[in-house]
Amino acid sequence: MTQTPLCTTTLKGLRCRECGEQYPAEARHVCEFCFGPLEALYDYEAIRGCTSRKTIEAGPRSIWRYRPFLPVVGERVIDVGTGLTPLIRSERLARRLGLGALYIKNDAVNVPSLSFKDRVVSVALTRARELGFTTVSCASTGNLANATAAIAAHAGLECYVFIPADLEAGKVLGTLIYGPQVMAVEGNYDQVNRLCSEVADRHGWGFVNINLRPYYSEGSKTLGFEVAEQLGWRLPDHIVAPVASGSLYTKIYKGFQELIKTGLVGERPVRMSGAQATGCSPVAQAFKAGRDFIAPVKPATIAKSIAIGNPADGVYALDLARRTGGHIEDVTDAEIIEGIKLLAQTEGIFTETAGGTTVAVLKKLVEQGKIAPDELTVVYITGNGLKTQEAIAPYAGETLKIEANLASFERALERARTLDRLDWQQTLV
Ligand SMILES: *Cc1c(COP(=O)(O)O)cnc(C)c1O
Ligand SMILES: [Zn+2]
């Protein structure tokens with residue numbers, strides 16, 4: 001909101017990723033000629049002309065400090081404080097894994113709805129309002145529903161949300177509270193998504209991840225911008241991020257490339273590694289089999305927020321991992337639970353199942369020798385553990401019930417110390 005006027009005209013339109021056909025910046029997401037996905041197109045000369053490290057650092061303490069790189073045209077953005085989440089230098093997790101320079105990007109505490117989805121929705125709804133939509137909607141695995149409902153409430157937009165009926169209770173409640181109409185669909189995410197494409201055609205609503213997808217997806221670039229800025233305007237050597245549709249993962253890289261293109265950081269190769277749950281790992285399977293196409297799967301995993309069986313950006317994710325010397329790896333539900341506990345007990349960060357997946361893949365890649373100890377590595381934690389309590393509750397440990405007197409406490413303490421002694425010796429680093 002405090003940008004120079006020059007920067008209001010950086011968005012040039014949309015362009016097909018496959019054939020290059022250009023379109024005006026409207027609510028559309030597929031190419032009429034080849035059915036390829038459309039992507040926002042910018043005037044990088046204009047961005048270069050009005051943007052420096054200083055103008056960014058002097059900007060809002062939110063994703064909107066990178067506004068020239070985001071697909072909006074007006075001055076009136078929806079800024080609820082989204083973004084600029086902590087980048088923490090890891091000590092105990094790094095030591096446990098044997099890494100020399102590990103950083104954790106903590107979007108478990110993003111605002112307002114505690115996941116990285118607040119970024120993409122802030123951008124999509126700002127653009128939706130610019131395009132004249134008064135009703136917004138989404139097909140969601142949970143976090144997107146939370147973010148869309150919350151930010152639509154703030155912006156005074158009417159909101160309809162579509163989710164699979166079997167979502168975690170925290171994600172359902174964390175949507176309902178904002179007062180949207182919630183449709184719990186009997187089916188998996190891919191079926192919800194297909195239904196929403198038909199609803200978008202018929203009702204003309206702004207679906208953040210369907211007809212507004214070219215705007216929505218750009219919001220994820222801010223996870224690249226912020227990490228570079230927080231590292232002191234430099235790029236990391238290696239990142240590990242979760243892969244669902246593949247949008248987040250590929251857009252982090254686009255963010256890095258745009259910083260290079262506009263002279264804000266020096267050129268540097270970044271190895272891009274992706275994380276999936278074995279129970280829904282179509283991209284990891286293709287990566288390991290050396291295939292260049294994705295075979296859709298039926299999801300069966302506790303990592304519901306990243307359970308997309310037919311990922312829209314899957315082939316781009318695959319290509320990116322190969323081009324940059326990264327890896328796409330998957331981990332079992334048991335490893336995901338261990339990953340959640342490992343992050344909580346070494347860093348004090350309680351993440352949801354997607355974060356457990358990412359930490360477990362980080363661990364696996366280090367053990368396989370695919371991340372070197374001296375690489376500056378960033379692991380992206382994208383969601384909050386309080387939203388997926390049922391996945392972890394049976395494994396989190398138990399309270400000790402005692403009477404309200406010292407003797408009862410001392411007896412319980414003695415018992416606990418005896419039982420835990422071996423455990424403690426193993427877990428202390
Ligand atoms: C949606 C989501 C992702 C990944 O989304 P993409 O579809 O790959 O962009 C990762 N983590 C969490 C917690 C999510 O909700
Ligand atoms: Zn095309």
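**Close-up views of a predicted model**

**View 1. Zinc site.** The donor residues of the zinc ion (ligand 2) follow the spacing C-x2-C-x11-C-x2-C in sequence. This is a predicted model: local features need pLDDT of at least 70, side-chain atom pairs count only at pLDDT 80 or more, and totals for chains, interfaces and linings use all residues. Residues are numbered from 1 along each chain as its sequence is written, chains are lettered from A and ligands numbered from 1 in the order written, and side-chain values use heavy atoms, without hydrogens and water. The protein donors are C16 (SG), C19 (SG), C31 (SG) and C34 (SG), 2.2 to 2.4 Å from the zinc ion (ligand 2). Donors are N, O and S atoms within 2.8 Å of the metal (3.2 Å for Na, K and Ca). Angles of 96 to 119° among the 4 donor atoms make the site tetrahedral (four donors, all angles between 85 and 135 degrees).

**View 2. Aromatic cluster.** Ring pairs link Y160, F162, W205 and F207 into a cluster. Rings of Phe, Tyr and Trp (its six-membered ring) pair if their centres lie within 6.5 Å; planes under 30 degrees apart count as stacked. The structure holds 6 aromatic pairs. Y160 and W205 are stacked, 4.2 Å centre to centre with 15° between the planes. Both Y160 and W205 are buried (under 20% relative accessible area, 1.4 Å probe, protein chains only). W205 also stacks with F207, at 6.4 Å and 25°.

**View 3. Charges over rings.** The charged end of R17 sits over the ring of Y316, 3.7 Å from its centre. R291 sits likewise over F293, at 5.0 Å. The criterion is NZ of Lys or CZ of Arg within 6 Å of the ring centre and within 35 degrees of the ring normal.

Methods:
Tetrahedral: all angles 85-135°; square planar, octahedral: opposite > 155°, others 65-115°. Phe/Tyr/Trp six-rings, centres within 6.5 Å; stacked < 30°, edge-to-face > 60°. Buried < 20%, exposed > 50% of the residue type's maximum accessible area, 1.4 Å probe, protein only.
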